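Please look through the sequence and the model first.

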Amino acid sequence: MSTLTIRDLHASVDGFEILRGVDLEINSGEVHALMGPNGSGKSTLAHVLMGRSDYQATAGSVTVDGVELLGLPTWQRAARGVFLAMQYPVEVAGVTVGDLVTAAFAARGNGGAPADLDTQVRDEARRLEISDEFLTRGVNAEFSGGEQKRMETLQLAVLKPTFAILDEIDSGLDVDALRDVARRIEAMTSDDNLGVLAITHYDRLLTELKPDRVHILLGGRVVKSGGPELAQQLEATGYEGLAAELGVDELTVEKPKEADPFGEAGF
Amino acid sequence: MAIKDVNLGKYKLGWHDSTEGYAFVPKKGLNEEIVREISGMKEEPEWMTKFRLNALKRFEKKPMLEWFAKNMPTIDFDDIYYYLKPTSGEQVDDWDMLPPEIKETYEKLGIPEAERKFLAGATAQYESETVFHRNRDDLEAKGIIFTDMDTAVREYPEIVQKYLGTIIPPGDNKFAALNSSVWSGGSFIYVPPNVHVDMPLQAYFRINAENAGQFERTLIIADEGASVHYVEGCSAPVYSSDSLHSAVVELIAKPGARIRYTTIQNWSPNVYNLVTKRAKAEAEATVEWIDGNIGCVVSRARVITPSGPKVIADVRPGDRVQSWDPERGKFVFAEVTAARFSGYQRVHEIRSGVRSLLATSNHPVYSYRYDPERPAKLGRYFLDYVRTDELAHAIVPRTAIDFGMPHKVEMPSIEAVFESTNQWGKRFVARRPRVSRLPGEPIETDDDLMWLFGLYVGDGSMELRRGVQGDNLRWAKLQFSVPENDRARSKLERIMNEFAPEIAPTRRADGRLISWNSVELAELFLNEGFRGAARTKRVPGWVETLPESQRLAFIAGCLDSDGCVVPAWRSFSMKSVSRDLLEQIAWILTTLGISARLHTEFVEHRQVEIVGRECTAHGAHVLVFPLDERLLPFLSDDLAARARGTVPASIKHHRKVGRSKIVLPDDVEIRRVEVSPLSSAVVPTYDIEVEGTGNFVAEGFIVHNSKLTMKYPAVVMTGPKAHGEVLSVAYAGEGMHQDAGAKMTHAAPETTSIIDSKSISKDGGRTTYRGLVRVEEGAHHVKSHVRCDALILDEESRSDTYPYMEIEEKDARIGHEATVSKVGDDQIFYLMSRGLSEQQATAMIVNGFIEPIIKTLPMEYAVELTRLIELNMEGSVG
């Protein structure tokens with residue numbers, strides 16, 4: 001049983017503070033949903049947890065079983081069992097998902113990839129209804145949104161981290177894909193005791209992936225936490241209604257402009 | 001004409017003793033007799049002898065290729081051995097007999113034995129004769145012929161005679177003619193109709209004796225519906241001196257056949273690689289060329305550019321470097337056309353006085369040779385480039401061309417710093433600017449100021465008192481121990497009075513010392529890098545970038561303080577306790593083309609008595625250099641007069657080339673050199689290509705530059721629906737410039753071609769693609785696709801694409817696609833989030849990028865190419 005603890009996390013991009021004190025605690029086997037409107041800092045949280053260099057954590061702590069993650073390079077966070085399924089997975093031409101997970105196991109040490117890795121990848125692909133063709137292509141190369149997310153889930157299932165952060169895994173997914181991905185993640189929480197932080201905009205994901213806890217992120221802070229019923233309440237009131245109810249006047253923390261970290265990443 | 005004599009031998013390079021072991025060493029040179037002798041040795045049929053002689057006639061008539069003539073104007077075809085037969089033994093048929101270097105390379109690359117043996121069959125060209133050859137039984141069973149060309153001429157004359165020279169006729173170009181007349185070795189493959197060779201056929205080529213022309217001839221015929229993949233092996237690093245490699249490769253794909261030809265080149269830099277490769281694809285046939293180029297070439301050294309010395313690794317194409325023009329007998333600035341990182345290699349140190357250059361064994365340095373067999377009227381002594389490990393003398397600059405710019409001297413701003421207490425008893429620090437007595441505007445260095453700095457290096461010193469904060473000067477004194485009656489005293493006082501008229505000197509009563517109490521002067525000297533005491537003084541880096549007169553004035557200043565004229569040596573001599581300082585002064589001399597020597601008198605401390613007092617002497621080093629006339633105007637009158645009064649060194653001194661009567665141009669002289677044994681460690685090496693002169697001055701030596709390679713494969717599609725394909729990979733790391741390209745000729749309707757060129761550039765590397773797609777008249781419905789993908793790993797690197805099209809039919813569909821990918825932060829972050837380090841992530845992106853080519857290669861070549869790129873990437877990370 002492991003615990004991912006986020007305490008009073010503050011983070012900024014280009015000197016502009018986006019996270020203004022986030023507290024969360026996730027145990028193995030639990031599914032936590034983090035909901036918030038666009039610009040509330042959801043994706044920033046995901047990137048800060050994984051240690052992307054253009055996001056600076058300015059205060060607070062993120063620990064896995066007491067080991068501080070802030071300050072570690074990204075790959076070491078991965079080695080400590082944290083996995084980020086990205087909202088926009090990046091294409092790596094010529095590198096198959098098999099190559100990628102083999103390299104990931106090799107980088108982790110401990111004797112490298114399991115002997116039956118190929119079989120595992122194939123089995124997972126079958127489970128996630130990924131056709132063989134995608135296993136021989138470069139990762140995410142000319143993949144549709146749904147294929148990308150299935151592939152992220154496949155990597156998650158093969159690499160078996162302790163905690164998974166799912167950054168808007170429901171975006172760009174059709175109903176079938178959403179169900180497949182959610183089923184697989186659910187199975188991992190029960191079979192492999194995976195702890196999940198599912199970041200999402202809509203409650204669509206949550207009808208498929210049953211959360212144990214739901215947290216609402218507004219203005220860079222978790223303003224409310226509760227059981228699954230919170231998602232339904234949100235459905236009824238909307239973020240603005242909730243904000244009014246809680247007396248929060250700032251929903252988003254977006255920097256006036258140009259702070260789009262994906263826009264200038266240069267491709 | 002002396003100059004004429006000089007050039008005759010320019011490209012001749014020494015023959016190694018190793019030729020003694022060869023069974024047959026004909027005379028050098030090319031004529032009918034040699035060609036007949038080669039043909040006779042090989043016991044060739046009459047038609048082959050005629051083929052050779054016919055080609056020889058064409059060779060003699062053909063003009064030199066324009067680009068070749070321009071870059072290598074004086075290649076001497078009479079100065080090459082055209083045929084060498086190694087050992088009198090027969091061909092061997094065992095992997096253990098492979099040359100150990102090749103086996104070693106494989107071990108280094110980590111290719112397991114099992115895979116090495118997995119090869120379908122191979123010939124290894126050692127020198128001109130094929131000594132290793134194996135043919136797997138099942139190939140023979142299928143009727144596939146895989147043998148060396150010499151055997152093929154004897155055993156399969158009807159096939160060879162039918163196809164040889166049909167794709168590249170002897171008259172195609174001068175080098176094709178040359179090859180046709182003297183070819184030896186190479187592979188011959190014939191695949192019967194509808195036979196598929198399922199494993200690649202491979203051959204290893206290597207050139208091992210210097211000056212051995214390699215003229216292998218490869219002919220591959222895939223009959224109707226047949227298929228074959230041939231791999232021209234990695235030569236492994238070849239360490240030879242200049243060699244001419246002029247191969248001819250002809251591929252013939254009969255209707256419906258398929259040939260794939262793979263090259264992974266790693267030729268040594270000093271091989272002139274002039275391979276003509278062409279394929280004919282008949283109806284519905286396919287030919288693919290796959291090219292992996294990892295180029296390389298010599299030395300980490302300083303060269304002179306118009307703006308000052310530069311480390312060779314920083315030289316880029318387009319820069320100009322100091323070069324020797326033997327035609328005019330002058331130094332010139334010549335343009336660099338290419339610069340390359342040449343990998344890690346072992347080197348020698350070449351020393352002549354204070355000049356020191358690190359170079360690989362085979363790097364040619366300007367010197368002279370003696371050849372007792374040359375006709376006396378041509379001169380048995382002749383100026384020539386000699387490889388480093390055979391070097392005894394070097395022809396070095398005796399002067400220099402002016403370069404450089406004055407240095408800007410900023411005036412220091414000085415401030416006073418106080419520590420005090422305010423009315424509440426709190427301590428504070430206050431700063432207030434002080435009025436400087438120096439001019440406010442920055443000035444440029446001039447001859448006088450440089451003389452002053454030079455004098456400071458010898459006789460100057462400073463006393464400094466720091467302020468409370470430690471970062472400012474409270475009081476300072478700049479002093480020179482130049483006595484009143486010293487030759488430099490009046491010049492010193494004059495220059496100081498012009499430079500800082502507001503600061504009055506203090507003259508010590510005993511007349512031995514003159515000083516200026518001035519914080520601003522001390523700051524200025526410190527800022528410009530003049531600091532420390534006798535043992536720690538240094539020459540600031542910017543001095544080497546000054547114009548000639550200012551560097552001369554600086555040296556003159558040093559001489560006026562610490563130097564003297566030694567009439568017996570006809571030299572200036574300068575003494576110091578600091579060897580490092582003298583070495584730095586010596587480098588300035590080298591940039592001026594003044595040859596200096598550095599002696600050490602003693603290094604142990606010893607007790608001496610000076611005017612009755614016991615002192616410790618700390619060792620002394622002496623720098624000695626000629627009384628160069630250019631220095632005289634900058635010296636104090638007294639020293640200049642003494643230099644003039646000394647009988648000048650005989651003009652013949654350092655000017656005699658052996659016992660010959662060769663008259664060296666005034667701007668160079670000849671010096672003995674010492675060459676150290678080869679280093680045990682490897683160091684990064686570089687080379688540049690220089691337009692016109694083909695040489696450059698590095699660390700005061702004239703060295704030859706690297707060679708060109710021409711390696712654009714071509715496919716001519718002669719039958720309908722034929723298909724041609726060229727895949728190439730080029731990697732350019734720090735200081736490298738890699739060219740890749742292809743030529744496609746569509747001579748029949750419905751033919752298709754693909755050119756896929758991939759390049760990777762990193763650390764300022766540069767890659768270029770040049771390609772030609774030609775659609776001839778009558779070739780309707782042609783489709784061609786050119787794809788150039790460049791992967792650029794950082795901001796400094798670049799990639800250029802030059803696609804050329806000559807289209808005669810309007811219905812041709814030609815696609816050109818060029819992608820430039822920069823490795824983005826997103827990609828790196830994505831891979832890192834899976835647990836890869838940044839280096840691993842970059843390597844993975846590069847491997848993914850070249851994957852389309854890698855997957856076409858047999859396992860060991862795939863491993864090798866990947867490993868070579870990794871090694872090169874590591875190397876350039878340094």
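Predicted model: local features only at pLDDT ≥ 70, side-chain atom pairs only at ≥ 80, totals over all residues.

Chain A holds an open sheet of six strands, in the order 6-7-8-3-9-10, and the pairing in it is mixed. Strand 6 (82–85) and strand 10 of chain A form the edges, each pairing on one side only. From one strand to the next, the twist averages 20 degrees.

In general, the strands of a sheet pair through backbone hydrogen bonds, either parallel or antiparallel. Strand 6 of chain A pairs with strand 7 (residues 163–167) of chain A in the parallel sense, over four bridges. Within this pair, Phe83(A) has Ala164(A) in strand 7 of chain A as its bridge partner.

**Helices across the sheet**

| Helix of chain A | Strands of chain A it lies across | Angle |
|---|---|---|
| Helix 6 (residues 145–159) | strand 6 and strand 7 | about 165 degrees to strand 6 |
| Helix 9 | strand 3, strand 9 and strand 10 | about 25 degrees to strand 9 |

**The bent helix**

Helix 9 of chain A covers residues 229–246, which is 18 residues. The C-alpha atoms at its ends are only 17 Å apart, whereas a straight helix would reach 26 Å at 1.5 Å a residue. Where is the kink in helix 9 of chain A centred? The kink is centred on Gly238(A) and amounts to about 100 degrees.

The buried residues of helix 9 of chain A are Leu230(A), Ala231(A), Leu234(A), Tyr239(A), Leu242(A) and Ala243(A). In an α-helix there are 3.6 residues a turn, so residues three or four places apart point the same way. The cover over the buried residues of helix 9 of chain A includes strand 3 (31–35), helix 8 (204–208), strand 9 (213–218) and strand 10 (221–226) of chain A. Just after helix 9 of chain A comes Gly247(A), with a positive phi of about 75 degrees.

**The contact between chains**

Chain A gives 24 residues to the contact and chain B gives 22 residues. On the side of chain A that touches chain B, helix 2 (74–79) and helix 3 (97–108) of chain A each supply at least two residues. Helix 3 of chain A provides the largest share of that side, five residues. By class, the side of chain A that touches chain B is made up of 17 nonpolar, five polar and two charged residues.

Terms used: Residues numbered from 1 in each chain as written. Chains lettered and ligands numbered in written order. Expected span 1.5 Å × (residues − 1). Bend = angle between axes of the 7 residues up to and from the residue. Buried ≥ 20, exposed ≤ 12 C-beta atoms within 10 Å, placed from the backbone. Contact = placed C-beta atoms within 7 Å. Pairing = 2+ DSSP bridges. Axes fitted to C-alpha atoms, helices over the stretch in contact; angles between N-to-C directions. Nonpolar A, V, L, I, M, F, W, Y, C, P; charged D, E, K, R; others polar.
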